[in-house]
Amino acid sequence: MTGLDASVRSLDRARQNVPTAQFVEGFAEELPFPDSSFDLIHTSVALHEMQPVQLREILQQAHRVLKPDGIFTFVDFHQPTNPIFTPGLSLFLFLFETETAWNLIQTDLVKLLTEIGFQESKQTLHAGGSLQVVQAKK
Ligand SMILES: C[S@@+](CC[C@H](N)C(=O)[O-])C[C@H]1O[C@@H](n2cnc3c(N)ncnc32)[C@H](O)[C@@H]1O
């Protein structure tokens with residue numbers, strides 16, 4: 001298992017949590033790995049911090065470094081489908097996030113993944129639609 005982050009502090013924390021994994025400092029939009037080298041790539045609640053161009057580059061890089069039939073999976077914010085959850089998510093994004101998170105919840109990520117070349121994407125929504133879990137197959 002290999003973890004990548006742009007922040008040395010995040011990597012130090014990750015090394016403490018998972019001492020058996022390898023960790024690499026780098027940018028997700030310039031992954032320092034060869035083509036077709038991973039079976040699975042996961043990112044947890046990080047894509048909402050990326051600018052739209054950067055987001056597309058990251059998804060392209062994930063596609064490049066996955067093996068054929070490899071899986072890209074992520075969890076991140078989503079526009080609530082149950083309006084009861086809208087005030088809570090809006091307050092959270094207003095207090096703790098930037099415009100990139102608001103952009104992300106307006107973005108059809110399944111469509112973007114298809115444009116990039118992923119064959120199939122499965123999206124499941126949680127917490128009144130305010131969180132999405134996506135699995136996309138190369
Ligand atoms: C909100 S945190 C992710 C939360 C974490 N995955 C968790 O589940 O607790 C976002 C992380 O993305 C990293 N990051 C931000 N931009 C990045 C980039 N372009 N490439 C790689 N890592 C990046 C930050 O350093 C930070 O560690």
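Predicted model: local features only at pLDDT ≥ 70, side-chain atom pairs only at ≥ 80, totals over all residues.
Let's start with the overall layout.

On the domain 1 side, Ala28, Glu29 and Leu31 account for 87% of the area buried against domain 2, more than any other three residues.

## The largest pocket

If you are thinking about grids and probes, here is the place to look. The largest pocket holds about 1,100 Å³ of space. Its lining is made up of 37 residues, and Gly3, Leu4, Asp5, His42 and Thr43 are the ones nearest its centre. By type, the lining comprises 23 nonpolar, 9 polar and 5 charged residues.

Which elements give two or more residues to this lining? They are strand S1 (2–5), helix H1 (8–17), strand S3 (38–44) and helix H2 (52–65). S3 provides the largest share, with 7 residues. Both domains take part, as domain 1 and domain 2 each supply at least three lining residues.

## Helices H3 and H4

Finally, a look at one helix pair. Helix H3 (residues 86–96) packs with helix H4 (residues 99–106) at an angle of about 145 degrees, and their axes are 8 Å apart.

From H3, the residues Leu89, Ser90, Leu93 and Phe94 meet Ala101, Trp102 and Ile105 of H4. This contact contains 6 nonpolar residues, 1 polar residue and no charged ones.

Technical notes: Residues numbered from 1 in each chain as written. Heavy atoms only, no water. Axes fitted to C-alpha atoms, helices over the stretch in contact; angles between N-to-C directions. Helix = DSSP H or I, 4+ residues; strand = E, 2+ residues; numbered from the N terminus. Contact = heavy atoms within 4.5 Å. Nonpolar A, V, L, I, M, F, W, Y, C, P; charged D, E, K, R; others polar. 1 Å grid on protein atoms, 1.4 Å probe; cavity = no way out; pocket = protein on both sides within 12 Å on 5 of 7 lines; lining within 4 Å. Points joined across faces, edges and corners; volume = space filled by probe spheres on them. Domains from an automatic or database assignment. Buried area = accessible area lost by both parts, 1.4 Å probe.
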